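This briefing is for a reader who is new to the structure shown below. It takes the surface first, then the overall form, and then selected residues.

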Amino acid sequence: MLEAYFPVLVFILFAAGFGLIPIFAGWILGPSKPDAEKLSPFECGFEPFEDARIKFDVRYYLLAILFILFDLEVAFLFPWATILREIAGTEAVRSFGFFEMLVFLGILLVGYIYVWKKGALDWE
C-alpha cells in the first residue's frame, strides 16, 4: 500500500530540494562582508527617529478590513458576471439571479452607508 505514496514522497523531496538548494547555495557561495554601512539601520536615507514597534491607530485596521470586504465583493461579482448570459437566457433563473445579486449589493451598500455615517472613512 505504501508503494502508491512513493511518487508523492519523491515529489515532496524534489520540491523541498528545489526550494532549499538555492537558498543554501546563496548562503554558502554568496559574499559576506558586513561593515558598518551595511549593518546601519535604513529608513528613507536617515536614521530612524521613532521605534518601529509603535501602535497603529484603530482606524487603520478598520480601513484595512473595509478594503478586504469590498475586495471580496468584487471577487463574488466576477463569477456572477461570467455566467450572466446563461442567467439571462434561462427564464426561470433570470429574475432570481438578478434579484439575488441586487440583494447582495444592497446589503453591502447598507454596510457602506453605515460605515460612512459612523465616520470610519474620515482620515485626520
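A nonpolar patch on the surface is formed by F56, Y60, Y61, L63, L109, Y112, I113, W116, L121 and W123, which together have about 1000 Å² of accessible area. The model is predicted.

**The nonpolar patch**

- Helix α5 gives the most to the nonpolar patch, with four residues.
- W116, one of the patch residues, has its place in helix α5.
- W116 has a relative accessible area of 52%, and a residue counts as exposed when this value is over 50%, so W116 is exposed.
- Y61, also among the patch residues, lies in helix α3.
- Y61 has 44% relative accessibility and therefore counts as partly exposed, the class between under 20% (buried) and over 50% (exposed).
- From Y61 to V8 the distance is 41 Å, C-alpha to C-alpha, and the two residues are 53 apart in sequence.

**Overall form**

- The chain has five helices and zero strands, and along the sequence the pattern reads α-α-α-α-α.
- The radius of gyration of the chain is 27 Å, while the globule rule gives 14 Å for 124 residues; the value is well over that figure, so the chain is more spread out than a compact globule.
- The C-alpha trace spans about 70 × 60 × 25 Å along the principal axes of the chain.
- Of the 124 residues in the chain, 6% count as buried.

**Confidence of the prediction**

- The pLDDT of the chain averages 83, and 91% of the residues score at least 70.
- Helix α1 (residues 6–29) has the highest mean pLDDT among the elements of the chain, at 94.
- The lowest mean pLDDT among the elements, 74, belongs to helix α2 (residues 36–39).

**Aromatic pairs**

- The count of aromatic pairs comes to six.
- One of them joins F76 and F104, whose ring centres are 5.9 Å apart and whose planes stand at 85°, so the pair is edge-to-face; the cut-off for that class is over 60 degrees.
- This pair links distant parts of the chain, with F76 in helix α3 and F104 in helix α5, 28 residues apart.
- F76 is exposed, because its relative accessible area is 53%.
- F104 is partly exposed, because its relative accessible area is 26%.
- F98 and F99 form another edge-to-face aromatic pair, with 5.5 Å from centre to centre and 70° between the planes.
- F98 counts as partly exposed, because its relative accessibility is 44%.
- F70, Y112 and W116 are linked into a cluster by ring pairs; Y112 and W116 are also among the residues of the nonpolar patch.

**R94**

- R94 is found in helix α5.
- The relative accessible area of R94 is 38%, so R94 is partly exposed.
- R94 and A4 are 90 residues apart along the chain, and their C-alpha atoms are separated by 48 Å.

Terms used:
Residues are numbered from 1 along each chain as its sequence is written. This is a predicted model: local features need pLDDT of at least 70, side-chain atom pairs count only at pLDDT 80 or more; totals for chains, interfaces and linings use all residues. Side-chain values use heavy atoms; hydrogens and water are left out. Patches are made of residues with over 30% relative accessible area and no salt bridge: like charges are joined within 9 Å, nonpolar side chains (Val, Leu, Ile, Met, Phe, Trp, Tyr) within 5 Å. Accessible areas come from the Shrake-Rupley method with a 1.4 Å probe; for residues, only the protein chains shown count as cover. A salt bridge is a side-chain nitrogen of Lys or Arg within 4 Å of a carboxyl oxygen of Asp or Glu. Helices (H or I, at least four residues) and strands (E, at least two) are DSSP runs, numbered from the N terminus. Buried means under 20% relative accessible area, exposed over 50%, partly exposed in between (1.4 Å probe, protein chains only). pLDDT is the predictor's confidence in each residue, from 0 to 100. Rings of Phe, Tyr and Trp (its six-membered ring) pair if their centres lie within 6.5 Å; planes under 30 degrees apart count as stacked, over 60 as edge-to-face and the rest as tilted. The radius of gyration is taken over C-alpha atoms; the globule rule is 2.2 Å times the number of residues to the power 0.38.
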